[in-house]
Structure formats: C-alpha cells, structure tokens
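Subject: A structure for you to look at

Hi,

Here is the structure I promised to pass on. Please open it alongside this note, and I will walk you through what turned up.

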Amino acid sequence: MTLWKPDPTFYPSPRDAAAAPAEKLAYVAAFDRSANRPDALTVLDTDPESASYGAIVGWTDLPYTGDELHHFGWNACSSALCPSAPHPHLERRYLIVPGLRSSRIYVYDTKDLVSPELVKVIEAEDLGKRAGYSRPHTVHCGPEGLYVSALGGYGEEGPGGIAVLDHTSFEVLGRWESDRGPQYLAYDFWWHINHDVMVTSEWGTPSMIEDGVVGESLLGRQYGHRLHFWDLRRRRHVQEVDLGDQYQMVLELRPAHDPRKKYGFAGVVTNVEDLSASIWVWYEEGSRWAVRKVVDIPAEPAAADDLPDVLKPFGAVPPLVTDIDLSVDDKYLYVSCWGTGELKQYDVSDPFKPVETGSIHLGGVVRRTSHPAAPSERLSGGPQMIEVSRDGRRVYMTNSLYGSWDDQFYPDGVGAWMAKVDTAGFTLDERFFPHGDDFRGLRPHQTRLQGGDASSDSYCYP
C-alpha cells in the first residue's frame, strides 16, 4: 500500500518552519528594461559550503519579451495543511510567475531541476475573460486555490482585484470577490487564515504606474491610501480604513505568522506633506478594524544638484519604503528604504512600539554606498525587495523596483545587484554579492527561497 505523505516543506506551525533545514537555492526574477530580450528566472546558490556559493547556477529565459517580471510565488505552501481547505498531497514544486506589463502568467517546474522548466502559459486574454483583470502582481498559495492580485481591469483601468487559479491545472477559475464594496485600487493582499479575514492594500491603476510616478496624481493624492478588510470565506468586503490621503501608496502587507494573532504591518511609500515614509499596524478594536502609525522615517535633505529631476523641487531624498518583511517568529520587521539606500531592522515584539535595532546602507539616490565586497564601486538603486529566511538568520535583498520608476529615481542607471545580511550581527555577507554582468544586463527584483520563506507561507497551527 502506497503511503502519501505531505510535502516536507509544508510546516504546520511557524515554529516548525523556523526549525526546518536552510534553503540552498534562491530563485530571483530578473527583467529586461528595454523589452528587447526575454526576462529570466535566475537561480542562486545559497549554500555556504558550496564551491559556487553566491553565484548564479541556474537560468531560464522566458519565451517572450516585454513581460517585466515583478512578484511571483509558489503553487502550494503550508496553508495546504489547514483543516478548512486541506490539500496535503500537493507539492511545493511550481513557481507562478506573472508578467506585470504583459499580463501573462507563467508556470515553471522546479522539481529536480537547477534551471526551472516552463510547463504552462496563461495568456492575458484568459486572465481577462475569466476573471476580468489585467496586470497580475502578487501570488499567494491559499485556501481552495492560487490567489493572484491584479492592478487593472480587462480592457479598462479598473477595478483591480484578485483572481483565483486551480491548484493543479493552473486554469483561471474566475474573480475572487463576490462583493467588492467600495474597493477599486489594488496591490497586495494577505489574510488571517484561521479567522477568515482577508486584508488588501492599494497602489494605483496601470496608467498611474507604468510610465513612472505621475506627479499630478501624487500631489493630487490619488494613489492608494486605504486598507480593505474582507470576509475571506464569503469573499465579501467588510470594512475600509483610510490612513489619510497624504499617505500615498499603501503597499506591502505582512500579517503576524502566529495564526492566533490578528494584527499585521503595512508599509506606506510616502507622505506628500513631508516626503516621509511610515509603517502602520492594523488590529482589531472591538468588532471593527483599526490602524495605527507606529514608525515614521523622515526624508533626508540633499542639494538639488545631487537629485534626479523628480526630486529637485523638494531638496530632499524620500526614504521610499517599497518593501517590508516580518520574520517567521514575528519578532523582527525589515524595512527597505529604496530612496535613501537603507535596510532597517525593528524589534516588533510589541507591534505597537517598534524599536530600531539595526541599519545597513547600500546604494541610495545620493549616498551610493558601496558593498564591502566591491568597496570602490558606487552602487545605484537601494535595498528594494527583501526576503527573510524561515529561521530568521538571513535577509536577501535586490535593488530594482520597477523599470520606469528605476529610471525616474536613478536616471544614470539603476545597475543590478543582490546582497545578503547575516542577522546575528546585522552585517553584510562579503561572499554573497552577485552584481553587474552576473545578471547579463537584466535587473533583479523579487526573491523566493527554496522550501519557503518569511513572506510565502501562512500557518494554521501555533
């Protein structure tokens, strides 16, 4: 009799995930800004005992050009063990990779492969006709299927929202929302899975992002500044919480990993009144949801001659918090300040009173801080997408945000680099610095770690 066992990289609890073997590979999406060459999935060796540690060991070109790979995710993860929608015999095997500009979605097999192999292409028309969406952005493996957020509507600006794909066939099942209420702008989404709560955030419609920051929209406070709370099981909008329209671009969401807890963190790119960035906590207050600002990160004054055109009128560099990540034990929040070129670490053991405990500078609009592995090389870009290992000992970061935005804030070239921080001393690993020609002219964006990472899984057991 054959005994089917769950994938060993599915973890019932955050504690189990943190105790699992360390990742030996990192998958990194990289894109060609000119759209003349295909984007690629690159694979890096993250095993310190390996002779090729820190090097790109796998590479898969996409079949088309002009996709602009951005965020991507696994087909299945620890939520497959949840009793509300169990799928214990799935494998964490396929990477679901959307093209943010093309609206295609690619499915890549990673099993027993160094370079992932393409197994399916979901065309933009399939996504549009079946779910009504375009510009797929974020992928999460969740209850009853694969969830993919999208920024735009099909053939129109909006509303954006969430499409659901089948776990095994990867067919588009349809639109997730049964009643979206006032929600129109879309970006990230996550959930408190044990409590049937979905949380979504807002960026902008395709025309507001694809050619860079639109100054009139930013100063007109038209980018997203709300969080939305949903009944996850019934797929209905429950509550909208407005942070205030000066807080433009409410992007990344990171809920507590402990499934008993109902709070999480949201990052805000900028305050149009002073160019500061901020971190907010959402939490339950009685029978309603509330938010509270818990971190302010100020802009840094700078000479106009040192600034790109988009910032010259302001005489300052905004932090531009474009990513955050919460360690699996819910103790540390990592915050990328892409404008000032800084990765910050906060102790969030008390989520309402974060304490800054570490800071590393790399790149930055003005600073251009070098990496210790190449001290003479002034870096462009800054810590942008960040990913934390399950055990919390390593933080990986890449430097490109989005092609048109790269060009606005780093007009002399954003470059290409990836770095790793060892959290024990909060120091850069001098052995891990793939950069420049290593990425063959492409710009690296999001990272996914073999076996899961701090932003890929949700758990149903404490």
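A term to start with: two strands pair if DSSP finds at least two bridges between them. Helices (H or I, at least four residues) and strands (E, at least two) are DSSP runs, numbered from the N terminus.

This is a predicted model, in which local features need pLDDT of at least 70, side-chain atom pairs count only at pLDDT 80 or more, and totals for chains, interfaces and linings use all residues. Residues are numbered from 1 along each chain as its sequence is written, and side-chain values use heavy atoms, with hydrogens and water left out.

First, a sheet. Strand β8 is joined to β9 (residues 145–153) by 7 bridges, and the two run antiparallel. Within that pair, Val139 has Val148 of β9 as its bridge partner. Both strands belong to an open sheet of 4 strands, ordered β8-β9-β10-β11 with antiparallel pairing. Its edges are β8 (133–142) and β11 (172–175), each pairing on one side only. Across β8, β10 (161–165) and β11 lies helix α2 (residues 124–131), at about 45° to β11; contact here means heavy atoms within 4.5 Å, and axes are lines fitted to C-alpha atoms, for helices over the stretch in contact, with angles from 0 to 180 degrees between N-to-C directions.

Further along, β28 (residues 418–422) is largely enclosed by the rest of the structure, because 4 of its 5 residues are buried (under 20% relative accessible area, with exposed over 50% and partly exposed in between, using a 1.4 Å probe and protein chains only). Strand β27 (residues 394–398) pairs with β28 over 5 bridges in the antiparallel sense, and Arg394 stands opposite Asp422. On β28 there are also 2 bridges to β29 (residues 427–428), again antiparallel, where Asp422 faces Thr427. β28 and β29 make a hairpin with 4 residues between them, and Phe426 in the turn has a positive phi of about 50°.

Enjoy exploring it!

Best wishes
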